[in-house]
Amino acid sequence: MKFLDEKILALRNEMREQEKHELAQKEAALQENEPEPQQEEQHELQAIDLYQDFVDIDGEDVPVIDQRILNGKITLRMPKLFSIMLPELASLKYPSERRPNIIYTDESTTINLAFNMTPHVLTETGVAEFQENMIDVLEQAQPSAEWLDTDVIEINDKTIGFIEVITPAIDGDIFNLMFFASIDGQALIGTFNCMEEDLEDWRPIARAMMETLQFTPNGMNGGAQ
């Protein structure tokens, strides 16, 4: 892939800048609230059907809606708990100027789903290689990360690479689901994250949201930008 080293280096630098900013925020928060140790047990991933009208989240039935984004180029199903993150909050949580194009968050702002349409060239046949390079980036940036799953699959006739990993943080580890696809010859990077303490509820929902992705060639009007 042309200029792949430069692209991966740029992604690595962005991740390190984001990590430094988040650690600084968490260190400040620790001065007021000392976190309790996390002792979550890992459980087998539960299958979730988001094509139903409601999904159970921590004992509550939450409506599930269709969401269109990127001018209708992507649609997916998601719980009706998310709203677009306010720009001022997005600039704090994602300080890089190349922050994701679209960021959804819940009321607590601890459950986040972001989509970034990058300028990096990516073909359908290059998705697996792109995923492997992103794994290399994460292994170097987060050597103590706990890897849960990686794979390259087909979702509605599109090749999707994904990574599930728990990364360490000062006030509690973070579960991350990252997925990659080629749209109009460019790399789409999707990211879901939540605190590890919410992993049991949200990991299967995050995976299910990814598995409802549908891609429309040339897009259509409407949906979040």
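1. A nonpolar core is a set of buried Ala, Val, Leu, Ile, Met, Phe, Trp, Tyr and Cys residues joined through side-chain atoms within 4.5 Å, where buried means under 20% relative accessible area with a 1.4 Å probe, protein chains only. The model is predicted: local features need pLDDT of at least 70, side-chain atom pairs count only at pLDDT 80 or more, and totals for chains, interfaces and linings use all residues. Residues are numbered from 1 along each chain as its sequence is written, and side-chain values use heavy atoms, with hydrogens and water left out.

2. The largest nonpolar core has 37 residues, of which Phe 115, Phe 192, Met 209 and Leu 213 touch the most other members. Helix 4 supplies the largest share of this core, seven residues. Another core, of 13 residues, lies apart from it and includes Leu 122, Val 127, Ala 145 and Phe 180.

3. Among the buried residues are Leu 199, Trp 202, Arg 203 and Met 209.

4. Phe 115 has contacts (heavy atoms within 4.5 Å) that include Ile 69, Tyr 104, Phe 179 and Leu 213, not counting residues up to four places away in sequence.

Terms used:
Buried means under 20% relative accessible area, exposed over 50%, partly exposed in between (1.4 Å probe, protein chains only). Helices (H or I, at least four residues) and strands (E, at least two) are DSSP runs, numbered from the N terminus.
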